[in-house]
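Please read the briefing below alongside the sequence and the 3D structure.

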Amino acid sequence: MIVCVAVVGHQNNPLYIQSFTEADDALKLHHIVHCSLDVIDERVNNPKKSGPLLNETFLGLLYPTENYKVYGYLTNTKVKFILVTTDLDVKDADVRNFFRRFHAAYGDAVSNPFHVPGKKITSRTFAESVSTIVKAFGLSSAG
Amino acid sequence: MEEYPEELRTPPVALISLVGCSDHHPAISGHLHSLQPPMNVLALPDFSKIQAVLTKKAKEPGAGDPPSGILKRDWLLKHRTRVPAVVAAMFSSAHVSGDPAQWLQVCTELENLKAAARPRNIKLVVIVVQSSSADDINEDRMIALRKRADVDSKYLVIYTPSDASELKQSLNRLANVFVELANTYYRDEGRRMKTRVEKKSFSSIELNIRYCFKVAVYAEFRRDWVEALRFYEEAYRILREMIGTSTRLPPIQRLVEIKHVAEQLHFKVSTLLLHGGKIIEAVTWFRQHNASYKRLVGAPEAIYLHWEWMSRQFLVFAELLETSSATTQTISSVTADNPDRGLTEWEFRPAYYFQLAAHYLKKKRSSLDIALSMLVNANEIDGGAESVAPSTFVGQFARLLEQGEALSFQPIDDEEYIHYALTEGKRFQDSYEIIALFNRSYESYSNLRVQRMGSTCGLEIAKEYFLVGDFTTAKQFFDNFAHLYRQEGWVILLWEALGYSRECSKKMGAVKNFVESSLEMASLPVSSDYIQSLGFKECGPAGPPSLPERESIHKEILELVSGELGVRSLEETNDLNVTEGNPLHLEIDLVSPLRSVLLASVAFHEQTVKPGASTLMTLSLLSQLPLTTEIDQLEVQFNQSEYNFTITNAERPHSTSKITSGTQNHRVETAASLSLVTNKWLRLTYEIKSEQSGKLECISVIAKLGPHFTIFCRAESPASMDGLPLWKFEDRVETYPTKDPALAITGQKVIQVEEAEPLVDLNLGDSGAALVGESFMVPVNIAARGHDIYSGELKINLVDVKGGGLFSTRETEPSTMDGHHVELLSVAGAEWEDESQKEAEKINNIQQSFGLVSIPFLKIGDTWSCKLEIKWYRPKPVMLYVSLGYSPHGNELNAQKIHVHKSLQIEGQNPVLISHRFLLPFRRDPLLLSKMKAVSENNQFTSLPLNETSILILSAKNCTEVPLQVESLYVEVDEDCVATSCLIKPGSEDLAHSGLLVPGEEFRKVFMVIPQVNSSTLGMGTVCLRWRRHPGSGVQVSCIQEDSVLTRHKLPDVNVELAPLTITLECPPYGILGDPFTYFIKIHNQTQLLQEVKFSLADSQSFVLSGSHNGTTYVLPKSEHILSYKLVPLVSGPLQLPKVTLTSVRYSAGYQPSVNASTIFVYPSKPHLKVADQREGRTESVAAK
Amino acid sequence: MGREVSESCIDSLVTEMVFSFCNRFYADKSDLAARRIEAIGYQVGHQLSERYTMERPRFSDHLEAIKFICKDFWSEVFKKQIDNLKTNHRGTFVLQDNRFRWLSRMSVEPSLETGQEGENKATEAMSMHLYFPCGIIRGALSNLGIPCAVSADISNLPACSFVIRIKA
C-alpha cells in the first residue's frame, strides 16, 4: 500500500505531499520524505557506472526504513517524486509505471496557466488524479 | 556488542594444558600466547589437579530425554578455559632417568593422566625437560616412557631451556606439536558431532541445533571459516523452523530463548561474513535476519522485549559494520556492483543501523512504559523477581534455589518471568542510551555530509533531552536543526521543531526566545490542509500545525506583550512577562526568520530630487501573523538622523512617547489606523523634504506593539526585496508593496538628493587646433553669476579622446618624453601672481594630465580667469575636462559643494612638414661606386662624394590652417659628429623675404654640403626650424604665447665616399639656333692610379657635332682629360645634348651624366637679356629640377 | 499531444499579445512591456519543457539540454529544428533559425516610414515580438536547472539568432 507520495521542488522544498494512512504518522512520513532527499542527492552526485541506470529518471529504491520502502524519481526539471510504501515485495516495473503516470499528472498540473512555477501544487484535479493513481498501484501489485 | 561475553565475541582459542614442572610454564604459555593464532594455556602445577579438571561431571540426562535448552550458556567458556585439546605432561629428565622410585612415580602419573584424558579424546604430549644439554637421557627409559604414554615418537618432546637457541628450538617444536594435535582434536570432535548431525542421531530439534553449533565452533577452532559459516547458518535455519513447533517452555520464554540463540548465531554469521570481506552478503544476511524476526513480536505484555531485542540486533550489526575496515572503502564499488540485489547505499552505513537501533529502543521504552503502567502496584514487581537469574541455557531464566551448598534452578512461569524482565527493564535509563545511539548516527551522517538524515537524528536527540528535562541542551539542538527545515521550506517539520523550542524557552523562562519562536510559528504558512492527517500528539508541544493553533499562539503573545498576562512557566519563579522593568526588543534583519512577522518596505517615489524640493516616500508593512495586529507607534529612521520621524496611531492617542531619544524638533505624523491585516500591505505615504545633497537612505522602521515591546525592522527596497522564504512557495496572490506596480519593481529606499543649480559660469576659450611644440593656451573664465564662490577648486583633466586617458604609451613609443604626448604645463592666472610660488608647487605635485587649482573668494558679479598651458608632443586629439567645485555659503567644512563641469576637445596638429633632398653640383657627376651597387642592394642611405660640394635643399611646408612666420631655418650639427667631418653652410645669405607661410605653402632653403670624412654613415645633424604663429592672422592671438617655437627634424645619415673619377660637362648657359658652341667633357682622375676610360658620344638629331664619337683615353693620376666637341643646334627649345657614356675600365663601371645635367636651352635668336643674372640662374635651377 | 491549434491563430495571438502590452497596458513604457512579455514566455517555456522532457533521461550537461532545445523542443513548438548552433564553450550559445516562424510573415513596410527613423521603429517593433520566444527559451532552460539570459538578434530577416548566456 502506498502511504505517502510527495513532489519536491528543485530547492528541495516540498511542493506537494500527501499521505494515505489512517494512523498518526503523517509527521513521520514528512521526515522520511525529507530524509530520502539525501539519498537522491547522493545518487545523483555519484551516479552508478552501470549503463542503463545512468541518468534515468527512475532512481529505484532509495532506502528501506523500519516499515517502509522509499522510492524516488527525478525529472529533467530537477523535481523529485517520492513514493513511500509499506509493501515489502514491490516490483520495480510497478513503481516505474506508477511514476510514469504520476509524472503525467504532474505535467498536467503545472501546465495549468494559473499555476505559478515553483509554487506548491494546490490543484484539486491533481489531488484527485494522484489518489486514483495511488489506488491503481495497490490493485496492480495485489493482482 | 560489549554485553556479549568475550568467548562469543572473539573467535575461539585452542586450549592446551600443561602439567608438572611448573617452573617452565610461564615460558611455554608466553610463547603459545604470542602465536598467530594464539593458544590459551591451562597450567597445572602438579598432576593431582588434572583429575579434577578433566573428569566429566555427572552425565547429562539419558539420550532419550529431551534437553531442557538449546545451547548451554557455559559451553563456549568451557572450551576456552577448562577443556584442553592437548594435555602436555612434563617430566624432568632427572626424574625420567632417575632411580626406580622416581621412574615409578612418573609412570603412575602418566597412567592417571591417560585415564583422565582418554575418555574425552584429549591428546597427550609428553615433555621431558632436560635441565642442561650435557645431561644424558637414558635411551631405554625414553622408549619405555613413550610406550607407557602410548604416543607417537614425535609427541615425546625434549625441552631444553638451558640456553637461548635451544630454548627457542624447543618452544617452536612444542608449538608445532600443539598446533597439530589441537587441530586433530578439534577435527575429531567436529567430525563426531557432524556424524551425529548427518545421521540424524539426535532425539530432538534442540540437539540438532546444538550439534550444528558445535560443529561450527570446532570448525572455527581450526580456522575453517567456510564450514563454520555453513553450520552456523544451518543451525540458524533449524532454529527458525523451531519457532512454531517447540512447546518445551511457556510461550513467552520460549520465544525469548529462540531469539537469544538466533542472536548468537546471527552474530557469528555476520562476523564471519564481514571478516571474510563479504560485506554484501553480510548486509543481505542481516536483512533476512531482520525480516524473519521482525514480526515475531510475541505476547503483548512482553512486547518491549522484542523491541529491545530488535534494537540490539541493529546496534550490534552497526558496530560490526563500523569495525569492519572494509566498510568505508568499498561502499561505492559495492553499490555499483549490485544494482540487482536491491541493496541501497544506506544499508552499508553504520549510521543507518544506529538510527534504527535508537528507533527500536524508543519503541521499547514506550512499550515498557505501557507495561509498567499496567501494573497495579509498581512495588509489586520488586519482590518476586529477586531470585530469578539466567539459567544454564542460553536465553533461559530460572529461579535460583539455594539448597544448602548446592544451587539449583527451578523453571519459572511466564508471569514470573515478565516480573523479572520488568524489574530488569526499569533499571535502565533508556533516554541516555537513545541519545547515545542517535548521536553516533548523527555524527556518522555528519561525517558523510548527509545533513537531512543527520537533522532527523538531531531532532530525536533534542526530543530525548526535552523528555529528560534538559531544556537548554534540547533548545540548542532544536534551533540548530530547525535551520535546515526553514531553509528548505519544510514547514511542518519546522513547526514541530519550533514548538519544542518554544516550550523549552517557556520552561527556561527566556522571554525573548519564547516570543521569537512563538511569532515565527504564528507566521508560518501552515493552513488547514494538514490538519486532517496530523495528530496532536505527533507534533509534540506545538500541537497540530493549523490556522487555529497559529491564532492561539499569536493571541498568547499579544496578551503577553500588552502586559495583560504573564505566561506561567512550570517553575513559579520565572514567569514570562514583559513589563517596564523587563522590556522586550526584537530585531528583524534581511535574513531573519521573523521577516514574515514584519516586513518593512520603503520606496521613494523618485530616484533623485533637487535639494529643498519635496518628494514622496511610501512605507509599506506586511505581516503574515494570523490575527490583525495593532501597532501603537512607528518610528522611521534614516541615515541622516534629522529626518527621522514618528507615526502615531490615531486610535491610540495615549502612546505618544518616543521610542528612541532624538532631537527636540522631532517630526510626528499621525496615521488614522496602524492595523496590520494578515498578508495585506499597510501602505503609508509621507512627504520628505531634503535640504542636503547626497544620499538619503531609510535604514529601519521600529514598531511599537505594546507598552514595552518594540520590533526593530530593517527597511528594504521593493526593487531588491526577496520573497518571504517560506511563503514564496505558497500558492497565493502576491501583492505589491506600493500601489504603483512600476514603483514596486524599481522603488528604492535610497534617494539621491542633487546639488543645487550652479549659478556660476565656467567658460573655456576655444582656440582651435593646437600645434605640436607650442605652449598652447586655453583661457578659463569663471563668472560668479548668482552665487558667491567660497573655497572654489578647479579640477583640470586631460583625457585621450580615443579612450583610456592614458598618455603613457611607453610600450609602443619608448622615445616619448615621460610617456606623455600631451602635457599640462602650468596654469597661469593674473589673479594670484603673489602666491604663484605656492600654486606652481601645487601643480607640479600633480600629474601631467591632471591639475588642481584653488580659486580665490569671488563675490557675485566677480570674474576670474586663468590660462591653462598645454603642450603637445605628438599630434593627438585630447579632451580637456574642467570642473569647478565651490560652496555658495561660506567656508564651513560640511558645506554642500556645487559642481560645474565643462569640457573641450582640442586637436593637436603638426605645424610644419620638413623635407630634404640632396643635389650634386650642376653638370658635375662623380663616379660613385656604391651607387652602382646600390641598384641591387637597395641601399637606404644617400651617397655623397667626398670633398665635393653637394647641395642640400630643405623645405618646410605649413600643414596648419593658420599662417606661420618662419624665423630661421638652420642645420645643427650633432654633438657626436666631429665638426670637421662635414661642412654645411648656407648656400645663400639669410632669408631675404619675410618667411611668412600661408597654409599649404612651402619654405625652402639651400645649403652646401662638403663631406670631409669618408664614412658610410655620416650624421648630417638636425634641422632646426624656428617659427611662430603669424601675428594678426587670427582671432585667437591673445591666447597664443608670442615666443617662437623651435621644431626639430633629424636628417638621415648619408654615405660618403671618394669618387675616383668626376665628369664635368661644360657648355654655355644657352645656345642660339645655328650658332655653334663648344661642349667640353672634362674627366678628372682623383686617384693615384692611371685610369683607362672609354667614352662614346651618341648622335643627336638636334645638333650637328664634330669630334670623335668613340674612343679610349688614359687619364693620368690627379689630372684632367678634356674632350671637346663643337655643336651646332638645329632646333630651338630645351634640347638634350648628345649623350655621353663613359666606362671606367678599372672599375668596369659605365655611367652617364644625368639627363638634367645635359640639357640646354636653345633660343631661336640671340635674346636680349636685361633681367639680372640672378633671375636667370634661378630659372635654370628650377628647370634643372 | 492530441490537441492542436491552427498556426495562424497562434501567430495572431502572439501578435495581439505584443500589441496589447506595448500599446495598451504599458504604452510608452516599452521596458516594462518587454518585461511582461518575457515573463509570459518564461512561464510558457517553463511549462512546455516540463511536458517535452517527460519521457527522456536526464541531461548530463548543459550542451545536451541546449541540443534538446534546438531539436526536440524547437520541433514541437515551431515544427522545425534550429538550423545552426554555435558555442564558445564558455557558457554562450548562439542558436540560429534561418526562417523563424514568427518573423517569417512580417515585413517592414518601406513606403510608410522611410529613412533611419522609420527603420529604427520597425526594428523596435520587431524586437518586441522576440521577447516572447526569448522568454520561452529562458523558461525552458531554467526549468531544466540552467539559469541563463537570452537575447535575440535580427540582422537579416527572417533569420533570427538567439544568444544564450548561461549564468555561472
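The points below are grouped by topic.

This is a predicted model, in which local features need pLDDT of at least 70, side-chain atom pairs count only at pLDDT 80 or more, and totals for chains, interfaces and linings use all residues. Residues are numbered from 1 along each chain as its sequence is written, while chains are lettered from A and ligands numbered from 1 in the order in which they are written.

**Confidence in chain B**
- Within chain B, the lowest confidence is in helix α27 (residues 1173-1184), with a mean of 43, and the highest is in strand β20 (residues 709-716), at 88.
- The pLDDT is below 50 over residues 805-818 of chain B, a stretch that has 18 contacts in the model beyond near neighbours in sequence; two residues are in contact if their C-beta atoms, placed from the backbone, lie within 7 Å.
- Residues 1033-1040 of chain B also have pLDDT below 50, with 14 contacts in the model beyond near neighbours in sequence.

**Chain A overall**
- Chain A has 3 helices and 5 strands; helices (H or I, at least four residues) and strands (E, at least two) are DSSP runs, numbered from the N terminus.
- The pattern along the sequence of chain A is β-β-α-β-β-β-α-α.
- Of the 143 residues of chain A, 45% are buried, a residue being buried if 20 or more other C-beta atoms lie within 10 Å of its own, exposed if 12 or fewer, and partly exposed in between, with C-beta atoms placed from the backbone.
- Among contacts in chain A with a separation of 6 or more, 55% join residues 24 or more positions apart.

**Contacts between chains**
- Helix α1 (residues 26-45) of chain A packs on helix α19 (residues 451-468) of chain B at an angle of about 145°, and their axes are 6 Å apart; axes are lines fitted to C-alpha atoms, for helices over the stretch in contact, and angles run from 0 to 180 degrees between N-to-C directions.
- A:His31, A:His34, A:Cys35, A:Leu37 and A:Asp38 of α1(A) make this contact with B:Arg452, B:Met453 and B:Thr456 of α19(B).
- Between chains C and A, 16 residues of chain C are in contact with 15 residues of chain A.
- On the chain C side, helix α2 (residues 30-52) of chain C gives the largest share, 6 residues.

**Sheets**
- In chain B, 5 strands form an open antiparallel sheet in the order β33-β43-β45-β49-β47; two strands pair if DSSP finds at least two bridges between them.
- Strands β33 (924-926) and β47 (1103-1106) of chain B are at the edges with a single partner strand each, so one side of each is left without a neighbour in the sheet.
- The twist in this sheet averages 20° from one strand to the next.
- Strands β45 (residues 1077-1085) and β49 (residues 1120-1129) of chain B pair antiparallel over 8 bridges, and B:His1084 has B:Glu1120 in β49(B) as its bridge partner.
- Chain C has an open sheet of 4 strands, ordered β1-β2-β4-β3, with antiparallel pairing.
- Strand β1(C) is joined to strand β2 (residues 92-97) of chain C by 4 bridges, and C:Lys86 stands opposite C:Val94 in β2(C).

**Helix α17 of chain B**
- The 13 residues of helix α17 (residues 414-426) of chain B should span 18 Å at 1.5 Å a residue, which agrees with the 18 Å between its end C-alpha atoms; the expected span is 1.5 Å times one less than the number of residues.
- Buried residues in α17(B) include B:Tyr417, B:Ile418 and B:Gly425.

How values were computed:
pLDDT is the predictor's confidence in each residue, from 0 to 100.
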